[in-house]
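Please look over the sequence and the model shown here before reading on.

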Amino acid sequence: MAEITRIKTRTPAPYPITAISVETHDTKTFRFALPENATLDMLPGDHLYVHATINGKAVKRPYTPSSLPGTVGYFDLTIKRYETGVVSKYVHERKVGDTLLMSGPNTGGHWVDGMAKKVGFVAGGTGITPMIPIIRWILIKRLDVELFLIFGNKTEADIIFREEWERAVREHPNFHCYHVLEQPPADWTMGLGRVTAAMLRARLPAPGPDTIIFLCGPPPMVEALEGTLKDLGYPEEAVILP
Ligand SMILES: Cc1cc2nc3c(=O)[nH]c(=O)nc-3n(C[C@H](O)[C@H](O)[C@H](O)COP(=O)(O)OP(=O)(O)OC[C@H]3O[C@@H](n4cnc5c(N)ncnc54)[C@H](O)[C@@H]3O)c2cc1C
């Protein structure tokens with residue numbers, strides 16, 4: 001078998017888009033080609049930078065590959081389009097065959113096998129993206145780890161990869177998922193409004209030496225919940241912000 005090349009670049013390199021799939025009304029997954037025997041040199045949760053020159057200005061934004069680390073020949077980015085967002089809008093305007101410039105992967109708040117036995121994930125909107133490869137990795141590798149996802153969104157239509165989370169609940173007894181919606185449908189039975197201290201207490205593993213919590217979402221949510229997690233007794237080093 002040919003040896004696998006692990007890719008990591010400081011300077012932006014072009015990657016062609018080979019497929020685009022629609023995930024929700026504002027979120028798409030873009031697949032990018034890698035050379036045949038190449039994979040990104042990353043751990044689950046690490047990110048790349050997308051670089052572009054938009055209206056004459058050089059800009060870059062971080063994105064976490066949603067594909068499984070170790071995937072050979074391609075990688076995926078799952079990106080939400082913000083109406084007023086410079087780079088997310090630019091990416092959403094690209095078509096299959098276009099290329100995007102990217103550097104990295106860069107080290108973020110990632111998962112390392114063996115780092116915990118109980119892992120909480122508190123995600124708001126696209127804050128789920130760094131958690132996607134981490135959850136997929138732990139479930140696919142069948143690691144002896146219990147996972148607790150709390151996922152906050154505005155409406156049901158905003159839930160990224162909802163079917164995957166529901167399937168994971170059915171197929172993996174070690175995966176627990178609790179959705180919180182600001183604008184729920186009439187028959188909604190899970191969380192209402194925003195993620196609260198009571199929800200964290202009820203749905204996350206209790207603080208302990210084998211417990212870590214990943215927290216990612218809009219900055220006001222992260223700021224508020226970082227304090228809440230501290231108040232609930234999670235030590236600073238147990239809370240990871242990807
Ligand atoms: C480590 C890391 C990894 C990330 N991975 C992903 C990923 O995999 N997929 C993904 O879609 N995004 C991801 N993001 C967010 C991404 O980097 C950009 O911030 C996002 O795409 C918006 O960029 P923009 O240029 O379109 O918007 P900007 O021009 O920077 O912002 C315009 C407006 O968009 C809104 N906005 C921007 N970012 C957010 C946000 N995070 N939450 C709520 N409103 C926002 C605000 O109203 C803001 O005023 C990640 C961020 C970090 C720090």
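The model is a predicted one. Around the ligand there are 23 residues, of which Gly85, Val86, Val87, Ser88 and Thr129 come nearest. Two or more residues of this shell come from each of strand 6 (57–63), strand 7 (74–80) and helix 1 (86–92). By residue type, the shell around the ligand holds ten nonpolar, ten polar and three charged residues. Because domain 1 (5–105) and domain 2 (118–240) both give residues to this shell, the ligand lies between them.

An open sheet is built from six strands in the order 12-11-10-9-13-14, with parallel pairing. Strand 12 and strand 14 stand at the edges with a single partner strand each, so one side of each has no neighbour in the sheet. Strand 14 pairs with strand 13 over two bridges, and Ile240 in strand 14 is the bridge partner of Phe214.

Helix 2 (residues 131–140) has seven buried residues out of ten. They are Met131, Ile132, Pro133, Ile134, Ile135, Trp137 and Ile138.

| Strand packed against by buried residues of helix 2 | Residues |
|---|---|
| Strand 9 | 118–124 |
| Strand 10 | 146–153 |
| Strand 13 | 211–216 |

Strand 7 also takes part in this packing. After helix 2 comes Arg142, with a positive phi near 50 degrees.

Helix 5 (residues 219–231) lies across strand 9, strand 13 and strand 14. Helix 5 runs at about 160 degrees to strand 13.

How values were computed: Residues numbered from 1 in each chain as written. Predicted model: local features only at pLDDT ≥ 70, side-chain atom pairs only at ≥ 80, totals over all residues. Near = placed C-beta within 6 Å. Helix = DSSP H or I, 4+ residues; strand = E, 2+ residues; numbered from the N terminus. Nonpolar A, V, L, I, M, F, W, Y, C, P; charged D, E, K, R; others polar. Domains from an automatic or database assignment. Buried ≥ 20, exposed ≤ 12 C-beta atoms within 10 Å, placed from the backbone. Contact = placed C-beta atoms within 7 Å. Pairing = 2+ DSSP bridges. Axes fitted to C-alpha atoms, helices over the stretch in contact; angles between N-to-C directions.
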